[in-house]
Amino acid sequence: MSGILPRLVRQGLTDLALHPRASIGAVFSLTLITFLVGLFFMTLVTLDRQLGMARVETVFQVYWRPGTDIGRIRSAWAEYLHLPGFVAVKTYTPEQAMAELGARLGRSGASAGQLFPFLPADSALPATALVSLVPQGPDPEKWAKETEAYFRSQPGVARVAGTPVRDEMGRAWKNVSRYVIWPSVAFMTVMLGLTVGNTLRLLVLARAHEIEILQLVGAFNRHIRLPFIVSGAVLGIGGGLFALLLLYILHAQIAEVLNFPPLFLRIHFPPPPMSALLVLAPAATAAISGALAVKG
Amino acid sequence: MLRHNENKMRLPWRATNLVLLRPLPYSLSRMIRVRHLSHSFGQHQALSDVSFSLGKGEFVFLSGPSGAGKTTLLRILHAALPIQRGEAIVADFNLVRLPSASVPLLRRQVGVVFQDFKILPLRTVEENISLPLELRGLSDTHMERRVRAVCIALGLEERLKVKCRDISGGEQQRVAIARALVTNPKVLLADEPTGNLDPALSLRLMELFKQFQTYGATVLFATHSRELMGHYPEAHVMHLESGRITAANWPGAGVAHALRAGALRENFAVPGPGNAR
């Protein structure tokens with residue numbers, strides 16, 4: 001009897017090759033649904049990390065008027081290092097800002113005139129500073145307003161963009177996240193299970209004739225189910241891995257698209273445990289669905 | 001028209017190969033016992049009060065026109081249909097009280113050949129025939145030996161590695177028969193197994209079934225071919241019409257008027273070797 005198990009496992013694998021259209025269709029469906037669930041996870045993770053970060057850190061972007069004395073600006077930057085709750089500061093002189101812009105436009109080293117020939121020759125980008133601070137005192141909202149007023153009062157400052165919107169979202173998120181994240185993950189997992197289950201049921205239906213024959217020659221249900229469990233697990237892993245690859249490619253393209261003032265949202269890839277869930281959940285649900293779809 | 005004896009002389013089989021398939025001695029003397037079996041599909045009464053019993057090594061033709069209930073009876077006997085009324089015991093399995101988990105155990109004792117083959121077209125001849133052996137966990141060497149033996153007997157040895165979708169209907173039928181025989185079943189149920197074969201091949205296959213009978217297998221062979229039955233005048237025949245046994249030529253059949261072979265032939269125009277039509 002020892003030879004049955006490896007044979008049935010091998011049969012589960014070779015069955016995939018015997019029914020290439022059905023197998024490809026199933027992997028395609030699994031990839032799409034897992035990709036959608038992955039997108040949802042990515043959104044959740046991004047909200048949680050970025051808005052969660054707002055609870056401990058607020059970013060202000062300070063713009064100076066063009067032509068303001070750079071010495072005065074540099075002394076203001078030095079002053080920021082001693083602000084209460086200081087975390088980090090990132091600064092751009094007009095030249096650095098232009099170089100950064102040129103690099104982003106794919107024309108490193110180009111002057112303002114070369115980048116924007118339609119603008120007057122003396123046009124320049126403003127000096128800027130991105131200051132990250134930890135909110136002080138019991139009322140973060142009041143602190144944010146006062147700090148913004150402080151930056152605005154400095155000589156030569158044209159505009160201050162804070163992250164109060166994000167802060168408010170962060171506070172809102174803090175309130176709802178505990179009720180949202182895990183129920184959402186559970187809901188998406190159930191949805192994934194149902195969809196994968198139906199996909200596998202279709203695959204089993206396509207092979208009903210084969211199941212009937214196996215039953216007629218004296219196969220126990222476990223013998224019929226095992227190849228479907230193996231096939232389901234392989235299809236699930238394949239679909240999950242493809243979805244993860246698509247998600248990775250998408251993430252590489254959109255990671256920074258919301259990282260601008262006043263949002264400063266960096267899109268995060270689902271962490272390893274969640275990524276593993278994206279492969280293991282479809283594999284497990286496909287394997288279970290394969291077993292359940294074969295009725296006794 | 002081929003005559004039984006002439007055909008036997010021409011058989012290319014090597015009977016010694018079948019020694020490999022010789023079953024173990026059976027402990028039961030009655031392999032199939034059916035009492036007052038009735039079955040209906042909605043308003044249609046497919047079987048009515050059917051009773052008979054078959055002993056170890058008996059061979060019985062189940063004759064009757066289409067719709068007489070032959071297939072229903074065979075399906076009940078391998079637990080593909082539940083028993084609605086009456087009782088049936090097959091290879092010591094009481095089908096009335098058979099739990100679903102035990103159905104595979106019954107089917108391992110009962111070989112079934114269907115008119116519509118029921119083979120896997122995407123798998124090779126060898127894979128189809130070895131399917132029931134695989135499920136029993138036999139070693140590759142043992143499986144190969146048995147599959148080869150039955151394939152030689154059925155003239156399929158050259159087609160072992162060919163996918164079943166690429167072989168002829170007659171060959172597919174032989175694959176189905178080989179799959180039923182390869183496990184040495186105690187009981188062999190055949191539903192028009194020669195329906196897709198030419199007369200010569202039908203007779204060759206009949207010889208194989210008869211050989212199994214001599215090894216102790218009980219064979220219930222459904223057919224409506226009088227010509228085929230005519231080649232075996234000594235065989236037992238049970239005639240079904242509208243779900244009832246209307247005639248039979250051996251005492252095991254539960255009909256009051258058990259008939260002798262000659263009388264059955266006269267009553268139902270079953271041709272003998274001399275008057276095959």
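This is a predicted model: local features need pLDDT of at least 70, side-chain atom pairs count only at pLDDT 80 or more; totals for chains, interfaces and linings use all residues.
Colleague: Can you give me one residue to look at? Where is Ser48(B) found?

Modeller: Ser48(B) sits in strand 2 of chain B, residues 44–55. Then check its partners. Setting aside neighbours within four places in sequence, Ser48(B) is in contact with Leu37(B), Ser38(B), Gly243(B) and Arg244(B). Now take Glu241(B), 193 residues away from Ser48(B) along the chain. The C-alpha atoms of Ser48(B) and Glu241(B) are separated by 9.8 Å.

Colleague: Is Ser48(B) buried or exposed?

Modeller: Buried, because its relative accessibility is 10% and the cut-off for buried is under 20%.

Colleague: How many helices and strands does chain B have?

Modeller: Nine helices and ten strands. Of the 277 residues in chain B, 60% are buried. The accessible surface of chain B is about 11800 Å². Carbon and sulfur atoms hold 48% of that surface.

Colleague: Next, backbone angles. What should I expect of phi?

Modeller: Most residues other than glycine have a negative phi. Now look at the exceptions here. Asp92(B) has a positive phi, near 75 degrees. Ser242(B) also has a positive phi, near 50 degrees.

Colleague: Where is the place of Asp92(B), and where is that of Ser242(B)?

Modeller: Asp92(B) is in the loop between strand 4 (85–90) and strand 5 (93–94) of chain B. Ser242(B) is in the loop between strand 9 (236–241) and strand 10 (244–248) of chain B. Asp92(B) counts as exposed, because its relative accessibility is 53%. Ser242(B) counts as exposed too, at 59% relative accessibility.

Colleague: On to the interface. How many residues does the contact take from chain B and from chain A?

Modeller: Start with the residue counts, then turn to area. Chain B gives 23 residues and chain A gives 19 residues. Between them, the two chains bury about 1900 Å². Carbon and sulfur atoms make up 63% of that buried area. Lys118(B), Arg123(B) and Leu135(B) supply 30% of the area that chain B buries against chain A, more than any other three residues.

Colleague: How many residue pairs are in polar contact between chain B and chain A?

Modeller: Eight residue pairs, both residues at pLDDT 80 or more. Then ask which elements carry the chain B side. Helix 3 (103–107), helix 4 (125–135) and helix 5 (140–154) each give two or more residues to it. The largest share, four residues, comes from helix 4 of chain B. By class, this side has twelve nonpolar, three polar and eight charged residues.

Colleague: How many salt bridges does the rule find across the interface of chain B and chain A?

Modeller: Four across the interface. Over all chains, the structure holds 15 salt bridges.

Colleague: Where does Asp140(B) lie, and where does its partner Arg7(A) lie?

Modeller: Their side chains meet in a salt bridge at 2.9 Å, N to O. Asp140(B) lies in helix 5 of chain B and Arg7(A) in helix 1 (residues 4–18) of chain A, so the pair joins two chains. Asp140(B) is partly exposed, with a relative accessible area of 49%. Arg7(A) is buried, at 9%.

Colleague: Which residue meets Glu210(A) in a salt bridge?

Modeller: Arg123(B), at 2.9 Å, N to O. This pair crosses between chains, from helix 8 (residues 208–216) of chain A to the loop between strand 6 (110–113) and helix 4 of chain B. Glu210(A) is buried, at 8% relative accessibility. Arg123(B) is buried, at 8% as well.

Colleague: And which residue meets Glu212(A)?

Modeller: Lys118(B), in a salt bridge at 3.2 Å, N to O. Glu212(A) is in helix 8 of chain A, and Lys118(B) is in the loop between strand 6 and helix 4 of chain B. Glu212(A) is partly exposed, with a relative accessible area of 33%. Lys118(B) counts as buried, at 12% relative accessibility.

Colleague: Which residues do salt bridges that share partners join into one network?

Modeller: Asp15(A), Arg207(A), Glu210(A) and Arg123(B).

How values were computed:
Residues are numbered from 1 along each chain as its sequence is written. Chains are lettered from A and ligands numbered from 1 in the order in which they are written. Side-chain values use heavy atoms; hydrogens and water are left out. Contact means heavy atoms within 4.5 Å. Buried area is the accessible area (1.4 Å probe) that two parts lose on being put together, summed over both. A polar contact is a pair of N or O atoms within 3.5 Å; within protein, one must be able to donate a hydrogen and the other to accept it, and residues adjacent in sequence count only if both atoms are side-chain atoms. Ala, Val, Leu, Ile, Met, Phe, Trp, Tyr, Cys and Pro count as nonpolar, Asp, Glu, Lys and Arg as charged, and the others, Gly among them, as polar. Buried means under 20% relative accessible area, exposed over 50%, partly exposed in between (1.4 Å probe, protein chains only). Accessible areas come from the Shrake-Rupley method with a 1.4 Å probe; for residues, only the protein chains shown count as cover.
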